[in-house]
Every structure is written in structure tokens, then in C-alpha cells.
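Please keep the sequence and the model in view while reading the sections below.

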Amino acid sequence: MDGVHEGIGMDRTIAALLSPDRAALQTRLWRGSGGREWSTAFRFDVAEGRNILRDCVTGLAPSRYDCAAPGTQQRLVPRELRRFAQGHDFVLAPIAIGGRAIGVLYADRSPSERAIGEEDFAAFRRLSEQLGRSLLRLAQRSA
């Protein structure tokens, strides 16, 4: 999370885990100024319908939301998540162990209103992949 927050320069970084019934995501760890206030607002349902959060945890694929890009991506972002991102860009990646998502890694630059470019997204993908490999090693060690 520090690599995403400080290394890529995101304003807010959240690790949100799925509830036991896999129906909702809720913040477990966060980085960023004012996080105590906004980290509690990151709670979203993923059980109903197709959306970017559900696609992330079921398809195990990272996403970059570009608020300036029209089209399907806009329709896949729940209104509550757009509100949380304050109408700005964000990136999202699954937190998975052995091919099964346990949550998502979310990051944005909403407070500073800076865009997230393709290079930023590539770095975010690499760091989220490293997180997945680290979690898998930890799970194998404790098994």
C-alpha cells in the first residue's frame, strides 16, 4: 500500500476486503490524509448486477476508471463509487490468493484532482500483482 500511495503518488489508497458472504467490500487498511473520515465511507455491495467492483472480484482483473472517457465504463461504476471518487479517476485491482479474490485495492487522486495516466496504471498493476504473490507465499507458509 505504501508503494501505491507514496511510490505512484496516489492521494488515497484502500485495501477493502469482502464480507464473509462475499456480498460487500469494506475498508480494512488505508493510506492518505484524512483517512479516518473517508475510509469508513468505502463500503460497497458487490452481490447484485454487473459493475466494476463485481467485475474486479470475479474476473480478477485490474481496472482504470477514466472519468473523461465516455461509454460502457461509465455505466459500470455505481453512483456511490463515483461519489466516493468525487467524480475523478481511480484504479482498482483484486486482492487475491490462489485465484480467489478476498478484496480489492483501490487508489485515487481525488483530493488533488490529478489525473491517473496509463503509466500510473501500469505501475499500480505491477504493485497489485506483487501483493498477490506475497499473499500467496504467506498463505502457503501458514498451510
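## Helix H3 and its ends

In this predicted model, a side-chain oxygen of Asn-51 comes to within 2.9 Å of the backbone nitrogen of Leu-53 at the start of helix H3. Just after H3, Leu-60 adopts a positive phi of about 55°.

Helix H3 covers residues 52-59, and its buried residues are Ile-52, Leu-53, Cys-56 and Val-57. Viewed down the axis of H3, these buried residues fall within an arc of 125°, so they line one face of the helix.

## The cysteines

How many disulfides does a search of the whole structure find? The search returns zero. A disulfide is a covalent bond between the sulfur atoms of two cysteines. For Cys-56, the closest cysteine sulfur belongs to Cys-67 and is 19 Å away, which is too far for a bond. For Cys-67, the closest cysteine sulfur is in turn that of Cys-56, at 19 Å.

Cys-56 has a relative accessibility of 1% and counts as buried, whereas Cys-67 is partly exposed, with a relative accessible area of 31%.

## From the loop into strand S4

Pro-62 is located in the loop between H3 and S4. Its relative accessibility is 30%, so Pro-62 counts as partly exposed. Leaving aside neighbours within four places in sequence, Pro-62 is in contact with Leu-92, Ala-93, Pro-94, Phe-121 and Arg-125. The C-alpha atoms of Pro-62 and Ser-112 are separated by 23 Å, and the two residues lie 50 residues apart along the chain.

Ser-63 belongs to strand S4, which comprises residues 63-65. Is Ser-63 buried or exposed? With a relative accessibility of 19%, Ser-63 counts as buried, because the cut-off for that class is under 20%. Apart from neighbours within four places in sequence, Ser-63 contacts Ile-52, Phe-90, Val-91, Leu-92 and Phe-121.

## Helix H6

Helix H6 has 25 residues, 118-142. At 1.5 Å a residue, H6 should span 36 Å, and its end C-alpha atoms are 36 Å apart, which agrees.

The buried residues in H6 include Asp-120, Phe-121, Ala-122, Ala-123 and Phe-124, together with Ser-128 and Gly-132. What covers the buried residues of H6? The covering elements include helix H1 (2-7), S4, strand S5 (90-97) and strand S6 (100-108). Phe-121, one of the buried residues of H6, is among the contacts of Pro-62 and also among those of Ser-63.

Methods:
Residues numbered from 1 in each chain as written. Predicted model: local features only at pLDDT ≥ 70, side-chain atom pairs only at ≥ 80, totals over all residues. Heavy atoms only, no water. Buried < 20%, exposed > 50% of the residue type's maximum accessible area, 1.4 Å probe, protein only. Helix = DSSP H or I, 4+ residues; strand = E, 2+ residues; numbered from the N terminus. Arc of directions from axis to C-beta. Polar contact = N/O pair within 3.5 Å; in protein donor to acceptor, adjacent residues only side chain to side chain. Disulfide = S-S within 2.5 Å. Contact = heavy atoms within 4.5 Å. Expected span 1.5 Å × (residues − 1).
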